[in-house]
Amino acid sequence: MKRIKEHNINLNFENITLRPLTENDWKYLYKWNNDIDVLYYSEGDNVEQYLMEEIQEMYRFISQNAYCFIIEYDKHPIGECWIQKLNLYRLIVKFPNLDCRRIDIMIGEKENWGKGIGTKTIMLLTEYGFEKEQVDIIFGCDIADYNQRSIRAFEKVGFQIYNAVKQRDGQKAKVCYDVILKRDRYEYLKKQGYYRNLLI
């Protein structure tokens with residue numbers, strides 16, 4: 001079985017650090033992926049728990065095409081995130097020949113919800129994607145209508161709602177949203193000093 005594909009990227013702002021996800025982080029990932037409140041917002045289906053083997057398979061697979069990070073707040077692990085190659089066909093076909101990525105994020109320690117950590121994390125990943133990876137477009141994908149906190153976090157970083165995908169009857173969400181930030185809008189906002197002003 002493949003191990004997590006590691007990297008050496010560290011992203012920092014104030015008391016937030018995004019450090020590489022490693023094979024030593026399973027205890028955190030297991031805890032967060034078995035918290036019913038966390039899973040309510042992070043999973044589209046009615047998932048209430050994951051086995052360790054499922055968690056390992058999931059993160060090892062994602063890491064092959066993503067930069068995966070542990071979010072540290074005041075040097076304590078509180079969540080995970082990644083920026084990966086876009087993997088949703090409905091979006092890929094709309095932007096052929098462009099380098100498109102997506103950001104995913106989970107704040108696993110619930111006492112840190114509502115502190116703006118998610119917004120700052122998205123900003124750090126967004127800056128990395130456009131400045132270092134030179135991508136064309138970054139998305140946030142499949143954000144449930146009941147997860148308004150996540151939608152607002154992306155919007156604060158300049159993302160805009162791109163489309164609304166109606167869900168099947170019986171699903172937790174009636175609609176899931178894709179949000180988008182294109183390079184030209186990112187460059188415009190950067191010139192306005194938007195990103196660092198957002199974080200101060």
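What share of the 200 residues in the protein is buried?

Guide: Buried residues come to 50% of the 200, with buried meaning under 20% relative accessible area for a 1.4 Å probe, protein chains only. Bear in mind that this is a predicted model, where local features need pLDDT of at least 70, side-chain atom pairs count only at pLDDT 80 or more, and totals for chains, interfaces and linings use all residues. Residues are numbered from 1 along each chain as its sequence is written, and side-chain values use heavy atoms, with hydrogens and water left out.

Now the core. A nonpolar core here is a set of buried Ala, Val, Leu, Ile, Met, Phe, Trp, Tyr and Cys residues joined through side-chain atoms within 4.5 Å. The largest one holds 33 residues, and Leu11, Leu18, Ile71, Ile103, Leu125 and Phe159 have the most contacts inside it. Its largest share, 7 residues, comes from helix α5, residues 117–131; helices are DSSP runs of H or I, at least four residues, numbered from the N terminus.

Zoom in on Phe159. Setting aside neighbours within four places in sequence, Phe159 is in contact with Ile103, Ile122, Thr126, Ile138, Phe139, Gly140, Phe154, Val179, Ile180 and Leu181, contact being heavy atoms within 4.5 Å. Apart from this core lies another, of 16 residues, including Ile4, Trp26, Val38 and Tyr59.

Zooming back out, among contacts between residues at least 6 apart in sequence, 64% join residues at least 24 apart. As for overall dimensions, the C-alpha atoms fill a box of roughly 45 × 40 × 35 Å along the principal axes.

Key: Helices (H or I, at least four residues) and strands (E, at least two) are DSSP runs, numbered from the N terminus.
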